[in-house]
Amino acid sequence: MKIQEVLSYIEQLAPRHYAEDFDNTGLLTGDSQEELKGVLVTLDCLENVVDEAISKNCNLIVAFHPIIFSGLKNLRPDDYVKRAVVKAIKNDIAIYATHTALDNAKYGVSYRMAQQLGLENIRTLIPQKGIIKKLVTYIPPANFEIVKEELFKAGAGHLGNYEESSYSLNGTGTFLGNEDSDPKIGEKGKRSTIEEKLLSVTFLPHLESNILKTLFKSHPYEEVAYELSTLNNQYDHIGMGAIGEFKEEMSAKDLRNTKNTFNTGIVKHSNSKNKKIKNVALLGGSGAFGIKNAIQSGADAYITADLKYHDFFQGEAILLCDVGHYESEQFTKNLLHEYLSKKFSNFAILLCRCANKPCKLLLNRWQKRLKLL
Ligand SMILES: [Zn+2]
């Protein structure tokens with residue numbers, strides 16, 4: 001089996017076109033056409049992770065954060081990024097990063113955080129807007145089913161949990177071809193009035209060129225009449241963050257069990273201790289940008305990381321909790337490991353043993369002095 005087979009499967013969960021523009025997801029080193037030996041799953045791919053991959057005979061490292069984020073000017077092993085990259089290249093190890101593609105996937109990073117916390121009815125906190133495309137085309141009845149089937153095969157009509165969604169109407173079309181025309185129905189130079197069916201299908205933008213190619217190939221007309229538009233609808237299956245609810249309301253103090261859930265000694269939080277908590281929004285990693293969305297969503301608490309001093313002033317209406325960047329994303333490697341293990345049970349899919357937590361917190365004495373939750 002080629003490495004590419006694993007990568008294609010990851011991209012079913014977290015398609016690369018879900019990633020943010022600033023990001024650097026996908027295959028960072030290595031050749032996807034190499035035979036797969038084994039997979040090592042990690043949050044960060046540092047040099048010690050490459051060492052572990054070598055020792056365990058894994059030639060694919062699936063990481064969450066991309067070790068190459070901005071460009072490299074040389075490949076001298078003189079910093080932690082280049083040391084990992086150079087070692088991976090020297091040892092024919094492919095490094096693949098999912099990052100914001102998995103952040104924006106419905107069942108990705110934040111969804112997993114919400115599951116770990118025991119929330120129910122989990123939805124996307126910031127669903128993307130203006131992403132769904134719509135194709136409307138007009139087809140003679142004799143060709144209608146063929147064109148529709150081919151468009152379905154190309155991915156049209158697939159949205160969220162549904163496949164093969166379409167809408168059709170019967171109507172009448174007219175056309176008059178000039179001397180250079182070659183109409184499949186009627187004659188050139190004469191107006192034709194014929195029965196046509198309108199077909200409307202929605203699809204995701206990365207499929208557009210393939211869907212149009214399929215339309216032109218399967219539609220009988222010389223000039224295919226079609227309309228493309230972008231819908232302003234929200235799409236719950238792509239977007240950052242998650243929101244869900246506890247079965248029963250709890251006090252902000254009770255929410256202290258987030259410390260256990262996220263294995264952190266300290267949760268930095270806003271001064272909203274009297275608040276009752278039922279709806280909780282979450283966003284893995286640096287999530288200050290989502291505070292307003294969390295408040296608008298009606299959440300009682302927002303659990304994320306990397307909040308700054310001034311961010312906490314927005315915590316009048318909502319309990320803001322910073323559980324730490326690593327801590328908020330730590331379950332991501334389990335998510336990827338479980339996802340891959342189910343599919344590729346004949347291959348070694350291993351969880352990385354390296355603890356690459358870049359910062360540690362002083363506990364106990366300091367925690368008491370600072371009166372943290
Ligand atoms: Zn992160």
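Strand 3 (residues 60–63) and strand 4 (residues 94–97) run parallel and are joined by four bridges; strands here are DSSP runs of E of at least two residues and helices are runs of H or I of at least four, numbered from the N terminus. Within this pair, isoleucine 61 stands opposite isoleucine 95 of strand 4. The model is predicted, so local features need pLDDT of at least 70 and side-chain atom pairs count only at pLDDT 80 or more, while totals for chains, interfaces and linings use all residues. Residues are numbered from 1 along each chain as its sequence is written, and side-chain values use heavy atoms, with hydrogens and water left out.

Both strands belong to an open sheet of five strands in the order 1-4-3-2-15, with mixed pairing; two strands pair if DSSP finds at least two bridges between them. Strand 1 (26–29) and strand 15 (348–351) each have a single partner strand, so one side of each edge strand lacks a neighbour in the sheet. On average, neighbouring strands of this sheet are turned by 25° against each other, direction ignored.

Helix 2 lies across strand 2 (38–42), strand 3 and strand 15, and runs at about 155° to strand 2. Angles run from 0 to 180 degrees between N-to-C directions, with axes fitted to C-alpha atoms, for helices over the stretch in contact.

Helix 2 (residues 47–55) also packs with helix 3 (residues 80–90) at about 20°, their axes 8 Å apart. The two helices are therefore roughly parallel, a term for angles under 35 degrees. Glu47, Val50, Asp51 and Ile54 of helix 2 meet Arg83, Ala84, Lys87 and Ala88 of helix 3, contact meaning heavy atoms within 4.5 Å.

Technical notes. Angles under 35 degrees count as roughly parallel, over 145 as roughly antiparallel, 65 to 115 as roughly perpendicular and the rest as oblique.
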